[in-house]
Amino acid sequence: MIEMKGKKALITGASGGIGKAIAIRLALTGVQVLIHYHKQISEARGVADEIQAAGGLADIISADMSNAYEVNGLVEKAWQMLDGFD
């Protein structure tokens, strides 16, 4: 099994559905997660709050994935926020 504790991950579309489930699962294994959302800030904040309440590390970040400029900015900002990611 791969050791996940201490890893850092950007999860796109993590304010709901499969992305949310992935973010929560990774966080419960010790991964610091950055939850991407586009329009659903309250849902994204809720996921981060749920993770933090369980003792995990999570934050949120926004970007429109249909906009190449914002996608590039997302990667750069995520890298800075997490001090790199795995």
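Author: Buried means under 20% relative accessible area, exposed over 50%, and partly exposed in between, with a 1.4 Å probe and protein chains only. This is a predicted model: local features need pLDDT of at least 70, side-chain atom pairs count only at pLDDT 80 or more, and totals for chains, interfaces and linings use all residues. Residues are numbered from 1 along each chain as its sequence is written, and side-chain values use heavy atoms, with hydrogens and water left out.

Reader: Is His 36 buried or exposed?

Author: His 36 counts as buried because its relative accessibility is 4%. His 36 is found in strand S2; strands (E, at least two residues) and helices (H or I, at least four) are DSSP runs, numbered from the N terminus.

Reader: Which backbone atom of Ala 63 lies 2.9 Å from a polar atom of the His 36 side chain?

Author: A polar contact is a pair of N or O atoms within 3.5 Å; within protein, one must be able to donate a hydrogen and the other to accept it, and residues adjacent in sequence count only if both atoms are side-chain atoms. For Ala 63 the atom is the backbone oxygen. The His 36 side chain also reaches the backbone nitrogen of Gly 13, at 2.9 Å.

Reader: How many residues has the largest nonpolar core?

Author: Such a core is a set of buried Ala, Val, Leu, Ile, Met, Phe, Trp, Tyr and Cys residues joined through side-chain atoms within 4.5 Å. The largest one here has 16 residues, and Val 33 and Ile 51 are among those with the most contacts inside it. H2 gives the largest share of this core, four residues.
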